[in-house]
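Subject: Handover of a structure, with notes

Dear colleague,

I am passing the structure below to you, together with my notes on what was found in it. Please read the notes with the model open beside them.

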Amino acid sequence: MESVDVVVVGAGVVGLAVARHLAIEGRSVVVLEREDAVGTQTSSRNSEIIHAGIYYPPGSLKARMCVTGRALLYRYCADNTIAHRRTGKLIVATDRDQLAALDRIADRAHANGVGDLRRIDRDELAELEPEVSGVAALWSPSTGIVDAHGLMRALRRDAEQSGAVVSLRSAVTTGRIRPGHPIELTVADIGEIACRAVVNCAGLGAWALASSLTGFPTAHVPRRHLAKGNYFGLRSGRAPFERLIYPVPVDGGLGVHLTFDLGGAARFGPDVQWVDRPEHLVDPTRADAFYAAIRRYWPGLPDDALQPDFAGIRPKLTGPGEPAADFLVQGPADHGVAGVVNLFGIESPGLTSCFALAAHVAAAIDGDPLR
């Protein structure tokens, strides 16, 4: 039976960042990914935003990981020539009833250490983005966009150059935990792997993986909720904006916002569609709600301008009408099982937070979480 220090299950952006971090520390690491490529699920089906750390409750893991991770991510992208851009973003109040919400968002951002967020009035908003309709906005110069695939390629390269092995088409089917023994994982088409620690970065599959580990207390496996986020793009032409445009947040997400890729192609989303199982087809009839949401801040959106683009699934710990949950990084100090670290509910801002989460996981493996 092959034996390594750490098995990381899941080769999304967080799993690859964790593997890189642990390999650089000198640990022997194997990454097991069930798909035939890295980052095919949540990591590649999102807005590719580098978040500033604005929305999250002060002191939460999301707030701390995002603010720390954002600085690390920008530095890494610059050092490794990964395509990215500090576009900045505007959070727009479209009527006076939303002004109090802007104030609350600003207070929370400042409490999180986001020091460059500022309020702008209608006139300055019109100067920055003449096509946007709003009574005021928050301007976040630290927000940006990144080539998520380029980032994951670089993380994999660094991990492998530091000795990690990334194994694709390697689904973990079961595992066994026995006190005083290595953790044993059964991997399809490979066989048994023994390890001192297993890091569950399986994203949407994190719940099933934790439940499959014999000897892990199922009481520590939370309930899973799935929020599908649909995106629409423009049929032709470019959106008349230089910056990302966000509405005031809604239940379950940040609202249908305007972002664009590094080539300048605009996309709108995500909305929030609660689903029972992962599936990625975009229902064209959802466009009606998109037109209504977008026209609140871009009244000039032409008729018949939108077409389905793609969809992603957000793994959530809370459901419809419930307050948004924090990241859950669950180590031995939390569940009492040596060597097991589970990551549940790693949605936005997971990409932005990947380097900070990697350091957090490394500490949690040894029972010393960064609280």
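How many of the 10 residues of strand β14 (residues 225-234) are buried? Before the answer, a word on conventions is in order. This is a predicted model, in which local features need pLDDT of at least 70 and side-chain atom pairs count only at pLDDT 80 or more, while totals for chains, interfaces and linings use all residues. Residues are numbered from 1 along each chain as its sequence is written, and side-chain values use heavy atoms, with hydrogens and water left out.

The answer is that 10 of the 10 residues of β14 are buried, so the strand is largely enclosed by the rest of the structure. Here buried means under 20% relative accessible area, exposed means over 50%, and partly exposed lies in between, with a 1.4 Å probe and protein chains only. Helices (H or I, at least four residues) and strands (E, at least two) are DSSP runs, numbered from the N terminus, and two strands are said to pair if DSSP finds at least two bridges between them.

Although Trp274 and Leu226 are 48 residues apart in sequence, their C-alpha atoms are 5.9 Å apart in space.

Two further sets of strands deserve a note. Strand β5 (residues 89-93) is joined to strand β15 (residues 244-247) by four bridges and the two run parallel, with Tyr246 as the bridge partner of Ile91. From β15, Leu244 and Tyr246 point one way while Ile245 and Pro247 point the other way, and all are buried. Elsewhere, an open sheet of three strands has the order β3-β8-β4, with antiparallel pairing. β3 (49-50) and β4 (84-85) stand at the edges of that sheet, each with a single partner strand, so one side of each is left without a neighbour in the sheet. The pairing of β3 with strand β8 (residues 144-146) is antiparallel and covers two bridges, and Ile49 has Ile145 as its bridge partner.

Turning to the helices, α2 (residues 61-79) has 19 residues, which at 1.5 Å a residue should span 27 Å, and its end C-alpha atoms are 26 Å apart, which agrees; the expected span is 1.5 Å times one less than the number of residues. Even so, α2 bends by about 25 degrees at Gly69, where the bend is the angle between axes fitted to the seven residues ending there and the seven starting there. Gly69 is among the buried residues of α2, which also include Leu61, Met65, Leu73 and Cys77. Just after α2, Thr81 takes a positive phi of about 50 degrees.

As for the cysteines, a search of the whole structure finds zero disulfides, a disulfide being a pair of cysteine sulfur atoms within 2.5 Å. The sulfur of Cys195 is 13 Å from the closest cysteine sulfur, in Cys201, which is too far for a bond, and Cys195 counts as buried at 1% relative accessibility. For Cys201 the closest cysteine sulfur is in Cys354, at 11 Å, again too far for a bond, and Cys201 is buried with a relative accessible area of 12%.

Finally, the chain as a whole. The protein chain has nine helices and 21 strands. Its radius of gyration is 21 Å, close to the 21 Å that the globule rule gives for 371 residues, so the chain is as compact as a globular protein of that length; the radius is taken over C-alpha atoms, and the rule is 2.2 Å times the number of residues to the power 0.38. Of the 371 residues, 56% count as buried.

With best regards
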